[in-house]
Amino acid sequence: MNLKRPHKANRTMDQNRTFKYFTLAEFLKSRKASELGIDNTPSFEVVEHLATLTGQILDPLRAAYGKPITVTSGYRSPALNKAVKGVANSAHLRGDAADLQAKDMAGFKAFVVRWLKSSGARFDQCILERSGKDEWVHIGIYSSTGSQRGEIKSMNV
Ligand SMILES: [Zn+2]
């Protein structure tokens, strides 16, 4: 019997892939992309980056927090990043970052900062972001140069 491995181009993205607490689909969905008809399909490399981000930071954070965490922005294709006016070298372009929300944002923000400082998790940036009444926590695992600065800051966008 000829057991040929499937050709790379024929592999399909399994959007039902699940990490411990998150699904790949949560990192890919975007209201903006749907509105504008932007393709937000990641490369396999991006999916591996998302798996690393989740395995090393998001799953342990979620386990420690013990309550639901929503991903409001995960992967952004170049077209989507432009549409949401993301910075040119955004970690979202590489699948190296996620924006998170929880029901109690004040408590969640304080928890994330405490957890990052005490868990020993390696990360690049944690940005407590606010735009009007909307707020979220951005966590990036690597910078565009692959560094992990362990930076925590607040930003109005
Ligand atoms: Zn972000």
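Me: In this predicted model, is Leu100 buried or exposed?
Reply: Leu100 has 23 C-beta neighbours inside 10 Å. A residue is buried if 20 or more other C-beta atoms lie within 10 Å of its own. Leu100 therefore counts as buried.

Me: Which residues does Leu100 touch, not counting residues up to four places away in sequence?
Reply: Leu100 is found in strand S2, residues 97-101. With residues up to four places away in sequence left out, Leu100 touches Ile69, Thr70, Val71, Thr72, Trp136, Val137 and Ile139.

Me: How many Å apart in space are Leu100 and Leu128, C-alpha to C-alpha?
Reply: In sequence, 28 residues separate Leu100 and Leu128. In space, the C-alpha to C-alpha distance between Leu100 and Leu128 is 9.8 Å.

Me: Is Lys85 buried or exposed?
Reply: Lys85 is found in the loop between helix H4 (78-83) and S2. Lys85 is not a glycine, yet its phi is positive, about 60°. Most residues other than glycine have a negative phi. Because Lys85 has 7 C-beta neighbours inside 10 Å, Lys85 counts as exposed.

Me: At what angle do helix H3 and helix H5 pack?
Reply: Two packed helices are described by the angle between their axes and the distance between the axes. For H3 (residues 44-65) and H5 (residues 105-119), the axes are 11 Å apart. The crossing of H3 and H5 is right-handed. The packing angle is about 115°.

Me: How do the residues of the contact of H3 with H5 divide into nonpolar, polar and charged?
Reply: H3 contributes Pro60, Leu61, Ala64 and Tyr65 to the contact, and H5 contributes Phe111, Val112, Trp115 and Ser119. The residues of this contact divide into 7 nonpolar, 1 polar and no charged.

Me: How far apart are the end C-alpha atoms of H5?
Reply: H5 has 15 residues, so at 1.5 Å a residue H5 should span 21 Å. The model agrees with this: the end C-alpha atoms of H5 are 20 Å apart.

Me: Why are the buried residues of H5 on the same side, and what arc do they cover?
Reply: In H5, Phe108, Lys109 and Val112 are buried. They are on the same side of H5 because the arc they cover around the axis is only 100°.

Me: Which exposed residues are carried by the face of H5 turned away from its buried side?
Reply: What covers the buried residues of H5 includes H3, strand S3 (125-131) and strand S4 (134-140). The face turned away from the buried side of H5 carries the exposed residues Ala106, Gly107, Ala110, Arg114, Lys117 and Ser118.

Key
Residues numbered from 1 in each chain as written. Predicted model: local features only at pLDDT ≥ 70, side-chain atom pairs only at ≥ 80, totals over all residues. Axes fitted to C-alpha atoms, helices over the stretch in contact; angles between N-to-C directions. Helix = DSSP H or I, 4+ residues; strand = E, 2+ residues; numbered from the N terminus. Left-handed = near helix turned anticlockwise from the far one by under 90°. Contact = placed C-beta atoms within 7 Å. Nonpolar A, V, L, I, M, F, W, Y, C, P; charged D, E, K, R; others polar. Expected span 1.5 Å × (residues − 1). Buried ≥ 20, exposed ≤ 12 C-beta atoms within 10 Å, placed from the backbone. Arc of directions from axis to C-beta.
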